[in-house]
Amino acid sequence: MDEALRRFHSFYGHPDEITAALREEKVLPVATDLITQFNPAVPDHDAAIRALELIATEVAPTLGWKPATVPDLAGA
């Protein structure tokens with residue numbers, strides 16, 4: 001199973017482990033998109049939300065991602 005996941009560039013584990021594995025990817029410096037998801041078999045809604053939060057707050061920012069800002073349209 002681990003070998004199959006590695007061949008398909010699938011990463012799992014603690015956010016630090018995922019980040020470290022992604023940093024070893026040779027194509028990461030030229031990648032324009034990073035598609036992520038959590039395990040869809042997680043039946044607990046709170047666990048699913050927590051997985052998404054970990055991706056957004058711990059994994060993605062260490063790879064250089066920043067949240068988009070919403071323009072201030074109040075003065076328009």
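**A chat about Thr19 and its chain**

Guide: The model is predicted, so local features need pLDDT of at least 70, side-chain atom pairs count only at pLDDT 80 or more, and totals for chains, interfaces and linings use all residues. Residues are numbered from 1 along each chain as its sequence is written, and side-chain values use heavy atoms, with hydrogens and water left out.

Visitor: Is Thr19 buried or exposed?

Guide: Thr19 is buried, at a relative accessible area of 9%. Buried means under 20%, exposed over 50% and partly exposed in between, with a 1.4 Å probe and protein chains only.

Visitor: And how much of the chain counts as buried?

Guide: For the protein chain, that's 11% of its 76 residues.

Visitor: Where does Thr19 lie?

Guide: In helix H2, which covers residues 15-23. Helices (H or I, at least four residues) and strands (E, at least two) are DSSP runs, numbered from the N terminus.

Visitor: How many helices and strands does the chain have?

Guide: Three helices and zero strands, so to speak α-α-α along the sequence.

Visitor: New topic: what box do the C-alpha atoms fill?

Guide: Roughly 55 × 35 × 20 Å, along the principal axes.
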